[in-house]
Amino acid sequence: MNIILEAKNIHKSYANHKALDDVSISVPRGCVFGLLGPNGAGKTTLIRNINQIIAPDSGEIWFDGERLQPRHIEQIGYLPEERGLYKKMKVGEQAMYLAQLKGLSQKQALEKLKTWFLKFGIENWWDKKVEELSKGMAQKVQFIVTILHNPKLLIFDEPFSGFDPVNVELLKAEMMNLRDKGTTIIFSTHNMGSVEEVCDEIALINKSQVVLNGNVKEIQRQYRNYSYSLTYESTNEINLQPLLPQGFSVLESHPNGHGFFTAKIQTPEGSKINNLLTEITKHVDVTGIQEILPSMNNIFIQTVTK
Amino acid sequence: MKSKILLIIRREYMTRVKKKSFIIMTILGPILFASLLVVPALLMKVSTDKDTIAVVDESGNFEDKLENKGTLIFSNVEDIDMAREQLKESVFDLVLFIEKTDEDKANPVSLFYNKKQPGLGTVTAIENQLQDVLQNKLLMQTFHISTEDYNKIKAIKINLRAQDVRTGEESATGMKTGIGYAAAFLIYLFVFLFGAQVMQGVIEEKSSRIVEVIVSSVKPFQIMMGKIIGIACVGLTQFLLWIVLTFGIVAIAGGAMASSFTPNEMTQSMNMGEMISPEIAGQIETVTMVEKMLSGVGNIDFTFIILMFLIYFIGGYLLYASLFAAVGSAVDNEADTQQFMLPLTVPLILAIIAIPMVMQNPNGSVAVWLSMIPFTSPVLMMMRVPFGVPTWELALSIGLLIAGFIFTTWFAAKIYRTGILMYGKKVNYQELWKWLRY
């Protein structure tokens, strides 16, 4: 697998508090990598290590096949959770400044900023002061500045906090767009709602340690509980329970209208979808079946409270 | 990386120089300074506020001997009770009551006022006149000295000119004290004004949360140094403009004043402490004072003093500015800075308090010690520099200052890099100590 970022056995302690305890993650190139965990788990500390804002006590970080070093800063874009802008400075001036700090020349910065401002429909904010903007508006500017220098790796720490739903969708779309162009994205959040939709890979950090990591689909399969959602066609609702062999149980059943019904069925551990079908097709006309995978939210809660 | 710190310096500089407050201060400053120089002289000229004093002299010693001089106008009144009544009706400003006693004892004297209290200057001027009259009387009656001889005695003035035994150069002590004091005070002012700006800048970046965005592109140390250097440039720009504009205003105002002043008024205004016999002593005294101020000025090594000034000016600022930055990084808002400001302000204020002591004795042990300690040396060494400081002392002091600011910068950087990323935490000294060891 092509890995863009790898952290190996990172330890970081503050005075009498362990922020990261032997944390290792590896982020495949071109994916959206969810860095998940409750507040205070150590996500931000890990991100700050990757951004070289603070140095780990021990452990190594590799970026794009090399040990992480200061010049890599220009290949990483970082949108921190605690983000702000100079209130008294004009939007354009400020964006130019931040872009140049990331290593863009004045000309490049101006060109790219104009393009992005047009794209986000904020070109007439250029000469406004930041204090005149709403929070959501300021976040758009911050987002643009973060991605402006075409970094190979983007790190978003709680990117959607403070955005209205319309802008969340705009942002998600831009994120997916960037990923499709080959940018790798680390997406840190304690809000699981958007994880399945957005992330390809995840690492779950709890109490300074990685407790779960891997591909989202694989993890869901790993945490599967062999329950299925079955839809069938019938004139009236059928009590399926007596028709099923031992070990199978109907969790719930309800009509879908127009002669269709849905039942949620728990099967014995390790059984396959075919086992259920073999039994049930003897009695009803199945029109659809789907495995119910646990949501990341459930897995998260299950793992964290374990 | 180098160009990034330049970007930061440029931003810090440009945003501040373009501010309205900077422009206003730049214009107002010289007007204030110039008025400090010009207004006292103007006031001297226009000060016509006289005190009318009723003299009730029961002793008879002072009859017609008190002169209307300066702001004092005397007139004789026979009866104390009448004088008091008139005082209450504001016919007079003051009543001077001299009681009669035996010959050899000093006369008990009272000064009555109505609502308007006499100032120290008025009281001293009256006292001086009374003393003069009594001394005069004693000299003439008891020792039989004529008024002419008495004036001769009064006119004796010694003007001590310190000279270098090897070169014969004169020391121009007054001028040197003036230069030293001005330099010391400028450094003090600069450190405080612009150190506070560094602190405010850090707090602004922290509270607006921009710092976390920047810190992913640039090292905290670069942000801190960029800010410190940028603000130093702002300060130097402002000072330069102040100096140029102040001299401009003073030159214009001075020119206007000189044409309206008579020479005698000029001498009086320059000779505030010596009002005893202005016609004779004043003239002589003024000439010697001006001469004293200017003689030997040519011997002052201005290039050297300016060089030293720049070294201590910049060194002192760098020493303190990084500490101000550290304080800014440790707090969430300006209200919380109090507890950490104390250790910064105490040495600076101590230095200012010690100035008179150093002025008295520029080579005394207190002066030498305080001009070695980096926290006080920028202010106090400048007090000593015009008088000549042994090279080894200067070298040691500058060496210590450089070591000092390297240390404070290192120390501040450690606190700064942790502090800027720490929000919503009440920080105390114990906490800061922990940050140092991260």
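This briefing covers a helix pair in chain B and a domain contact in chain A. The model is predicted. In chain B, helix 6 and helix 14 pack with their axes 7 Å apart. Chain A is divided into domain 1 and domain 2.

**Helix pair in chain B**

- Helix 6 of chain B spans residues 173-207, and helix 14 of chain B spans residues 377-384.
- The two helices pack at an angle of about 170°.
- Angles over 145 degrees count as roughly antiparallel, so helix 6 and helix 14 of chain B are roughly antiparallel to each other.
- Helix 6 of chain B brings B:Gly180, B:Tyr181, B:Ala183, B:Ala184, B:Ile187 and B:Tyr188 to the contact.
- Helix 14 of chain B meets them with B:Pro378, B:Val379, B:Leu380, B:Met382, B:Met383 and B:Arg384.
- By class, the residues of this contact are 10 nonpolar, 1 polar and 1 charged.

**Domains of chain A**

- Domain 1 of chain A covers 3-221, and domain 2 of chain A covers 224-305.
- Their centres, taken over C-alpha atoms, are separated by 40 Å.
- Domain 1 of chain A puts 12 residues into the contact, and domain 2 of chain A puts in 10 residues.

**Domain 1 side of the contact**

- Four elements of chain A give two or more residues to the side of domain 1 that touches domain 2: helix 6 (195-198), strand 9 (201-206), strand 10 (209-215) and helix 7 (216-222).
- Helix 7 of chain A gives the most to this side, with 3 residues.
- The residues on this side of domain 1 of chain A divide into 8 nonpolar, 2 polar and 2 charged.

Key. Residues numbered from 1 in each chain as written. Chains lettered and ligands numbered in written order. Predicted model: local features only at pLDDT ≥ 70, side-chain atom pairs only at ≥ 80, totals over all residues. Axes fitted to C-alpha atoms, helices over the stretch in contact; angles between N-to-C directions. Parallel < 35°, antiparallel > 145°, perpendicular 65-115°, else oblique. Contact = placed C-beta atoms within 7 Å. Nonpolar A, V, L, I, M, F, W, Y, C, P; charged D, E, K, R; others polar. Domains from an automatic or database assignment.
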